[in-house]
Amino acid sequence: MSRIIACYKWVADEADMKINPDMSVDLSKAKGKISDYDRNVIEAAVQMAKISGDLAVTLTFGSPKAKLSLKDALSRGPAEGFWVNSEMAEQADGAASAKVLAAAIDKIGDYKLIICGEGASDTFARQVGPSIAARLGIPCVSSAIKMELSGNEVKVSRKLEDGIEIVAAQLPAVVCILPEINRPPIPGLKAVLDAGKKPTREYKIEELGLLDSDLGARNETIEFKAYVMNRKNIVLDGETAVDKVQALVGSLKKEGII
Amino acid sequence: MPGIYVYSDKVQEAAALIGLAAQSGKEVCCISLDSNQAQELKEYGPERIIILNGNSPLPENYAQSIAELIKNEEGELFLVASTVRGRELAAKTAGYLDCGMVSDAESLVFEDEGIVSTRLMYGGSVVQKEIIRQLAVVTVPAGNLQAVKKENAPVSIVSLEVQADPRVRLIETLPVKRDKIDLASAEKVVCVGMGLDKQEDMKMAEELAQLLGAEIACTRGIAEERQWLPVESYIGISGAKIKPSLYISMGVSGQVQHVVGIRDSKIIVAVDSNEKAPIIKAADYSIIGDMYEIIPLLIEELKKA
Ligand SMILES: Cc1cc2nc3c(=O)[nH]c(=O)nc-3n(C[C@H](O)[C@H](O)[C@H](O)COP(=O)(O)OP(=O)(O)OC[C@H]3O[C@@H](n4cnc5c(N)ncnc54)[C@H](O)[C@@H]3O)c2cc1C
């Protein structure tokens, strides 16, 4: 029995984002959540492990705030939760995150499959999974919509621009999945209660043989601003639905659109 | 030789990247995995083309070879078109090089103090501007960039034998046959969202689209979950980006991941029963109401007009 590791990111919920009048972004009041695609990641690991008899575990690199994520992640079925706890996670770019996760995976050991989401809901940079694979020196398959373990390989269906491609990767491997791969159920009350009793393991950066100075962002962010969309925002009014529709047609004529 | 390296598995996008890289005034080296493609790319006048000969049909399996090449030649930047293959290849290459990476750069400007890039975050609601001062990999959605041919430019072409990673092997490709949907150049678009109750109600959208001469598009759920329209029909950060003169939505809430794809529309019209739906803030004109009442009335009005 070896491990199937589901990597997830604990992100600020964009629904709680506040935009200041100067267009700066305030996330200080935002609640955390498991990044959207990563709920599919955890479900995929649980499903795969059920079939292969392996052990599904989760791994996250997050600041102390991410402690909250462990119970949430484990309520979705995995047996054990690993967490690299560092303030550096707040500033980490893709290179730093991949470096930390690869080091943690190495430390956890005895793994046959690493599952990542194609992209996180905050950055959507789609780089951490392949970068982990490069750093561990193992193969990677991205854009996965179906996967299956067979022998010492994982067989994956990938969604490309112009079709589906089926490939097989030697294990251990990293697979980055699209949300189409499954439909994660909402954990039931019992699963939530059981999650609190499951083992968790916390790592510090130093235990992974890394220093904070290894984790600085490679590129300097010089601006982080809300996107402004200037639209007319006219809500068409009228006594009846017919009036509103006529007002719309009138406006579109005036715009020269119809 | 220090300079900018470009790659795409799609020839047109590689050609566009050559032009983008040339804006830096630095030497442009185009990496190709196919000698026929290399001949086509010659026309776009990169200073060099390096053809990597290996024995895998999967471009992603060349990431390590590319990383070694860029390292040995002390390259400054690796530009890759944001296709599925390109993104994976780029991220692996950045991993092997242990360098920074900017994904899906919306803009890239070569300045004296560095390369300034912008990209979208949080589904499109935030713009992050970064400055690149050291070796980096950048992916660019190159489909919208113009490729320009350069007559009679001297191009040096060399071939290198490399070892592709043998650990991922191709089993088969299943091309999907489809009607070509070209939302990117559509003049008008009718967009249906999850507010639509039943697949047969698509008829209502089709009738409206036909009257307007519009293409039909949708949100991700309609394509991926309900599969009422092909996946090429959905608009947004992970789907199509459109720039029509008119976009009309019906039953679309307007989450940012969708709206990011319609920002370049001239006029945005929303029909939604929820006055608090974000689409109302993103629209020029909205009607708050039940689309099952509004759309048939709109169809009637348009028939009269
Ligand atoms: C990383 C990531 C990437 C994503 N990428 C994309 C993407 O590229 N494209 C995309 O579309 N989505 C994307 N999404 C999903 C996106 O966040 C939204 O969930 C999705 O766009 C919502 O689709 P919808 O508006 O059709 O459905 P809903 O949000 O369910 O909205 C339905 C709307 O219909 C209205 N309605 C219901 N009944 C009626 C009626 N009878 N008459 C009028 N109005 C009615 C409701 O008021 C509501 O506003 C992404 C999400 C993530 C996390």
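Into which domains is chain B divided? In this predicted model, chain B consists of domain 1, spanning 4–161, and domain 2, spanning 183–304. The legends below describe close-up views of the model.

**Figure 1. The two domains of chain B.** Domain 1 of chain B covers residues 4–161, and domain 2 of chain B covers residues 183–304. Taken over C-alpha atoms, the centres of domain 1 and domain 2 of chain B are separated by 35 Å.

**Figure 2. The interface of domain 1 and domain 2 of chain B.** Five residues of domain 1 of chain B make contact with five residues of domain 2 of chain B. Between them, the two domains of chain B bury about 390 Å², with 60% of this area on carbon and sulfur atoms. On the side of domain 1 of chain B, the most area is lost to domain 2 by B:Leu120, B:Gly123 and B:Gly124, which together account for 74% of what that side buries. By class, the side of domain 1 of chain B that touches domain 2 has two nonpolar residues, three polar residues and no charged residues.

**Figure 3. The ligand and its surroundings.** The ligand lies between chains A and B. It is surrounded by 28 residues, of which the closest are B:Met194, B:Thr219, B:Ser238, B:Ser253 and B:Asp272.

**Figure 4. Polar atoms of chain B around the ligand.** An N or O atom in the side chain of B:Gln257 is 2.8 Å from an oxygen atom of the ligand. B:Asp290 places a polar side-chain atom 2.9 Å from a nitrogen atom of the ligand. With B:Ser273, it is a polar backbone atom that lies 3.1 Å from a nitrogen atom of the ligand. On its own the ligand has 990 Å² of accessible area, and the protein covers 80% of this area.

**Figure 5. The interface between chain A and chain B.** Contact between the chains involves 74 residues of chain A and 84 residues of chain B. The area buried between chain A and chain B is about 7,100 Å², and carbon and sulfur atoms give 55% of it. Between chain A and chain B, 48 residue pairs are in polar contact.

**Figure 6. A salt bridge between chain A and chain B.** B:Arg169 and A:Glu153 form a salt bridge, in which the closest N and O atoms are 2.8 Å apart. The count of salt bridges between chain A and chain B is 12.

Definitions and conventions
Residues are numbered from 1 along each chain as its sequence is written. Chains are lettered from A and ligands numbered from 1 in the order in which they are written. This is a predicted model: local features need pLDDT of at least 70, side-chain atom pairs count only at pLDDT 80 or more; totals for chains, interfaces and linings use all residues. Side-chain values use heavy atoms; hydrogens and water are left out. Domain bounds come from an automatic or database domain assignment. Contact means heavy atoms within 4.5 Å. Buried area is the accessible area (1.4 Å probe) that two parts lose on being put together, summed over both. Ala, Val, Leu, Ile, Met, Phe, Trp, Tyr, Cys and Pro count as nonpolar, Asp, Glu, Lys and Arg as charged, and the others, Gly among them, as polar. A residue is near a molecule or strand if one of its heavy atoms lies within 4 Å of it. A polar contact is a pair of N or O atoms within 3.5 Å; within protein, one must be able to donate a hydrogen and the other to accept it, and residues adjacent in sequence count only if both atoms are side-chain atoms. Accessible areas come from the Shrake-Rupley method with a 1.4 Å probe; for residues, only the protein chains shown count as cover. A salt bridge is a side-chain nitrogen of Lys or Arg within 4 Å of a carboxyl oxygen of Asp or Glu.
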